Amino acid sequence: MRTPSHYFRYAAVALISAALIGSGVPTAALADDTSDLESLQNTAIEANEKLDEEQQKLDALQSQIDENNQQVQEIEDKLPQLRQNAASAISTSYKLHQNSNSLLSMIFSSKDFNEVLNLINSLNRVMASSTQDINNLVNVEQELQTKQAELTQEKTDEEQQVKVAKDASDQAQAAVDAALQKAAEGKAEREAAYEAAQAAGQQDQTITQIDQATKNSNNSNPNNSNQQSSGNSTGNNAGNNADNSATNSGSASGGFTYVEASMYGSGDGLMGNRTANGDTLTPTSMGIAMKTMPLGTIVELTYSGRTCRAIVNDRGPYAGNRQIDLQPAVASALGFSGVGTVGYRVVS
């Protein structure tokens with residue numbers, strides 16, 4: 001089954017296809033519009049990634065601003081005490097130098113003249129040290145305030161970038177949501193039409209297409225059926241030319257090219273949706289999704305000893321290195337589930 005990371009992308013593309021068909025876009029144009037549909041969803045994904053990227057930048061700037069503010073606060077907390085120490089030392093030193101009586105009294109009352117000199121020198125050192133500490137902190141504070149102003153401006157600019165990215169993301173998502181809503185409106189009618197056709201004994205549209213294409217191919221080339229059943233390389237060569245991406249990722253054996261495949265349409269909410277060529281995904285539809293194989297191509301599939309024919313009527317898969325997505329009836333015919341290696345060759 002599809003991985004969750006790729007399910008939404010595929011579901012959106014499929015439902016957008018349904019919306020466009022329901023709004024009157026010709027079925028024949030859908031093959032050409034497939035890249036546009038995928039582009040719409042990719043735009044939404046890229047817009048969200050861009051928004052996340054810009055938000056991360058904004059968060060990083062805010063962290064720098066908070067850290068910077070904390071450093072400024074720590075400096076401002078230290079400055080009062082340093083200023084007080086310097087002021088006290090300056091005051092004491094000033095009094096000693098200005099008041100000669102106090103200085104003489106200190107000298108005569110001291111037992112050791114060196115004690116007086118040491119006291120005066122100590123006061124001078126405290127005063128000089130405090131003054132230097134203050135100057136250093138003031139310089140650092142000024143640098144931090146300058147940095148703070150720069151960060152604040154960067155934050156303002158980044159907030160604008162986040163706003164632009166969010167607007168783009170909202171617009172892209174709105175386009176997807178509108179298409180999803182449009183697609184959902186016609187889903188019930190399509191499911192009812194399928195049930196009515198089944199009740200009337202009508203076969204699935206994909207089976208009719210496969211039968212008709214096979215019949216036309218056999219009429220134009222009577223030897224075609226013999227070549228296909230004998231495993232002649234004609235079908236495989238056609239597949240190689242039509243879908244190089246599959247060939248490059250797979251291996252050829254017995255006329256079949258073997259690639260990684262998955263399945264969709266069961267339990268993923270896609271049942272009843274339109275495929276890329278306008279078919280409805282039903283429990284009995286014998287369709288598959290391939291990335292580049294022309295829509296309408298009939299291919300023969302083989303898996304675990306079983307074979308069946310299917311029509312390429314959808315685009316995908318978009319997970320990992322998978323090249324084919326099987327619709328439920330095809331998977332059931334092959335006894336396939338989950339993810340595995342399937343062989344294919346072009347019939348017509």
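**Salt bridges, cores and strands**

Modeller: A salt bridge of 3.6 Å, N to O, joins the side chains of glutamate 53 and lysine 57. The term requires a side-chain nitrogen of Lys or Arg within 4 Å of a carboxyl oxygen of Asp or Glu. Please note that this is a predicted model, in which local features need pLDDT of at least 70, side-chain atom pairs count only at pLDDT 80 or more, and totals for chains, interfaces and linings use all residues. Residues are numbered from 1 along each chain as its sequence is written, and side-chain values use heavy atoms, with hydrogens and water left out.

Colleague: Where do glutamate 53 and lysine 57 lie?
Modeller: Both belong to helix H2, four residues apart, about one turn of the helix. Helices (H or I, at least four residues) and strands (E, at least two) are DSSP runs, numbered from the N terminus.

Colleague: Which residues are linked in a network of salt bridges?
Modeller: The network links Lys50, Glu53, Glu54 and Lys57. Within it, the side chains of glutamate 54 and lysine 57 meet at 4.0 Å, N to O; these two residues of helix H2 are three residues apart.

Colleague: Is glutamate 54 buried or exposed?
Modeller: Glutamate 54 counts as buried, at 3% relative accessibility. Buried means under 20% relative accessible area, exposed over 50%, and partly exposed in between (1.4 Å probe, protein chains only). Lysine 57, at 38%, counts as partly exposed.

Colleague: How many salt bridges does the structure hold?
Modeller: It holds six. One of them joins aspartate 167 and lysine 163 at 3.2 Å, N to O, and both of these residues lie in helix H4.

Colleague: Let us step back. How many helices and strands are there?
Modeller: The protein chain has nine helices and seven strands. Of its 348 residues, 39% are buried.

Colleague: Which residues touch the most other members of the largest nonpolar core?
Modeller: They are Ile288, Leu301, Ile324, Leu326, Val330, Phe336 and Tyr344, in a core of 27 residues. Elements that each supply at least two residues of this core include helix H5 (205–220), strand S2 (256–263), strand S5 (306–314) and helix H9 (328–334). Another core, of seven residues, lies apart from it, and Ile75, Leu82, Ile134 and Leu137 are among its members. A nonpolar core is a set of buried Ala, Val, Leu, Ile, Met, Phe, Trp, Tyr and Cys residues joined through side-chain atoms within 4.5 Å.

Colleague: How do the strands pair up around S5?
Modeller: S4 and S5 run antiparallel and are joined by six bridges, with glutamate 300 opposite arginine 309 in S5. S3 and S5 run parallel, with three bridges between them; there, alanine 289 stands opposite aspartate 314 in S5. Two strands pair if DSSP finds at least two bridges between them.

Colleague: What is found in the hairpin of S4 and S5?
Modeller: Two residues lie between the strands, and serine 304 takes a positive phi near 55 degrees. Serine 304 is exposed, with a relative accessible area of 63%.

Colleague: Which peptide bond is cis?
Modeller: The bond from glycine 316 to proline 317 is cis, with omega near -10 degrees. Proline 317 is placed in the loop between S5 and S6. For background, most residues other than glycine have a negative phi, and most peptide bonds are trans.

Colleague: A new topic: how many aromatic pairs does the structure hold?
Modeller: There are two aromatic pairs. The rings of phenylalanine 256 and tyrosine 258 have centres 6.4 Å apart and planes at 55 degrees, so that pair is tilted. Tyrosine 303 and phenylalanine 336 form an edge-to-face pair, with 5.0 Å centre to centre and 70 degrees between the planes. Rings of Phe, Tyr and Trp (its six-membered ring) pair if their centres lie within 6.5 Å; planes under 30 degrees apart count as stacked, over 60 as edge-to-face and the rest as tilted.

Colleague: Which parts does the pair of tyrosine 303 and phenylalanine 336 tie together?
Modeller: Tyrosine 303 lies in strand S4 and phenylalanine 336 in the loop between H9 and S7, so the pair ties together parts that are 33 residues apart in sequence. Phenylalanine 336 counts as buried at 5% relative accessibility, whereas tyrosine 303, at 22%, counts as partly exposed.
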